[in-house]
Amino acid sequence: MDNQPKRLYRSNKNRMLGGVCGGLAEYMNIDPTIIRLVAVVGFFATASAFFWAYLIMWIVVPDQPTTIL
């Protein structure tokens, strides 16, 4: 059993722009399209607050580590 805590990373495989929405989808185990739609609706509904949140997460959240076997 792996006792590693679940970590949030920017996705390498579900990436459209910065991988933030794909990473959130992988973390929450849901379809990335749902996260992207929520982000777009949130962008227009909150006068671009979601844009700034996405930008900050793009800077702060690390890229998903690649494992080389």
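Reader: How many residues in the lining of the largest pocket are nonpolar, polar and charged?

Author: The lining divides into 15 nonpolar, three polar and two charged residues. Here Ala, Val, Leu, Ile, Met, Phe, Trp, Tyr, Cys and Pro count as nonpolar, Asp, Glu, Lys and Arg as charged, and the others, Gly among them, as polar. A word on the source: this is a predicted model, where local features need pLDDT of at least 70 and side-chain atom pairs count only at pLDDT 80 or more, while totals for chains, interfaces and linings use all residues. Residues are numbered from 1 along each chain as its sequence is written, and side-chain values use heavy atoms, with hydrogens and water left out.

Reader: What makes up the lining of the largest pocket, and which residues lie nearest its centre?

Author: A pocket is found on a 1 Å grid over the protein atoms alone: it is an open set of points where a 1.4 Å probe fits, with protein on both sides within 12 Å along at least five of seven lines, and lining residues have an atom within 4 Å of a point. The largest one is lined by 20 residues, and C21, A39, V40, F50 and Y54 lie nearest its centre. Helices α1, α2 and α3 each supply at least two residues of that lining, with α2 giving the most, six residues. The space in this pocket is about 410 Å³, where a volume is the space filled by probe spheres set on grid points joined across faces, edges and corners.

Reader: Which residues line the second largest pocket?

Author: Its lining consists of Q4, P5, K6, R7, L8, Y9, G23, E26, Y27 and Q64. By class, four of these are nonpolar, three polar and three charged. The volume of the second largest pocket is about 170 Å³.

Reader: Which residues of helix α1 are buried?

Author: Buried means under 20% relative accessible area, exposed over 50%, and partly exposed in between (1.4 Å probe, protein chains only). In α1, residues 20–28, the buried ones are V20, C21, G22, G23 and A25. They pack against α2 (32–45) and α3 (49–60), and a contact means heavy atoms within 4.5 Å. Across the protein, buried residues make up 20% of the 69 residues.

Reader: Which residues make up the largest nonpolar core?

Author: A nonpolar core is a set of buried Ala, Val, Leu, Ile, Met, Phe, Trp, Tyr and Cys residues joined through side-chain atoms within 4.5 Å. Here the largest has five residues in all: V20, C21, A25, I35 and Y54. Helix α1 gives the most to this core, with three residues. Look at I35 too, which touches C21, L24, A25, M28 and I30, not counting residues up to four places away in sequence.

Reader: Where does R10 lie, and what does R10 touch?

Author: R10 lies in the segment before α1 and is buried, because its relative accessible area is 13%. Leaving out residues up to four places away in sequence, R10 touches R15, G18, G19, V20, G23, M57, W58, V61, P62, D63 and Q64. A polar atom of the R10 side chain lies 3.1 Å from the backbone oxygen of G18.

Reader: Is Y9 buried, partly exposed or exposed, and what is its relative accessible area?

Author: Y9 counts as partly exposed because its relative accessible area is 24%. Y9 is also in the segment before α1. Not counting residues up to four places away in sequence, Y9 touches G23, V61, P62, D63, Q64 and P65.

Reader: Which residue follows α1, and what is its phi?

Author: N29 follows α1. Its phi is near 60°, a positive value in a residue other than glycine. N29 lies in the loop between α1 and α2 and is exposed, because its relative accessible area is 68%. For a second case, turn to S48, in the loop between α2 and α3: phi of S48 is near 75°, again a positive value in a residue other than glycine.

Notes. Helices (H or I, at least four residues) and strands (E, at least two) are DSSP runs, numbered from the N terminus. A polar contact is a pair of N or O atoms within 3.5 Å; within protein, one must be able to donate a hydrogen and the other to accept it, and residues adjacent in sequence count only if both atoms are side-chain atoms.
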